Amino acid sequence: MNSRKDDEPLNFGPVTSMWMDAIGIRTINELQATGLEETFRQLILHGFNANALMLYALEGRLTNTHWNDVPDKRKAELRKIAADTKKKISAMK
């Protein structure tokens, strides 16, 4: 793993960076403070088509690993979080 500073930019691709900027999360510190579930919830509420892959990317950024290297067990947990979050938001409408 490479070292990183918590105040460094998230360094996602252009679309994800635009989405994160729209919800006010620009650094690892801000992502950590907001948390994965709340970040995902905010993305959905802003109308972005976020899915479990977004959670993999966020997890990877927090753990300083490539999203594809997130362990399968954790990916399953993140898929459940994505599904549960979308279900809760749909129920609010």
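View 1. A50 is buried, with a relative accessible area of 1%; here buried means under 20% relative accessible area, exposed over 50% and partly exposed in between, using a 1.4 Å probe and protein chains only. This is a predicted model, in which local features need pLDDT of at least 70, side-chain atom pairs count only at pLDDT 80 or more, and totals for chains, interfaces and linings use all residues. Residues are numbered from 1 along each chain as its sequence is written, and side-chain values use heavy atoms, with hydrogens and water left out. You will find A50 in the loop between α3 and α4; helices are DSSP runs of H or I with at least four residues, strands are runs of E with at least two, and both are numbered from the N terminus.

**View 2. The neighbours of A50.** Leaving aside residues up to four places away in sequence, A50 touches W19, F40, L43, I44 and K86. A contact here means heavy atoms within 4.5 Å. M18 sits 32 residues from A50 along the chain, and the C-alpha atoms of the two are separated by 13 Å.

**View 3. The largest nonpolar core.** This core has 26 residues, and M20, L43, L55 and L58 are those with the most contacts inside it. Such a core is a set of buried Ala, Val, Leu, Ile, Met, Phe, Trp, Tyr and Cys residues joined through side-chain atoms within 4.5 Å. At least two of its residues come from each of α1 (14-22), α2 (28-34), α3 (36-45), α4 (52-63) and α5 (72-92). The largest share, seven residues, is supplied by α4. In soluble globular proteins, nonpolar side chains tend to be buried together.

**View 4. L55 and its partners.** Which residues does L55 touch, not counting those up to four places away in sequence? They are L36, F40, L78, I81 and A82.

**View 5. The whole fold, for orientation.** The C-alpha trace spans about 40 × 30 × 20 Å along its principal axes, and buried residues make up 38% of the 93.
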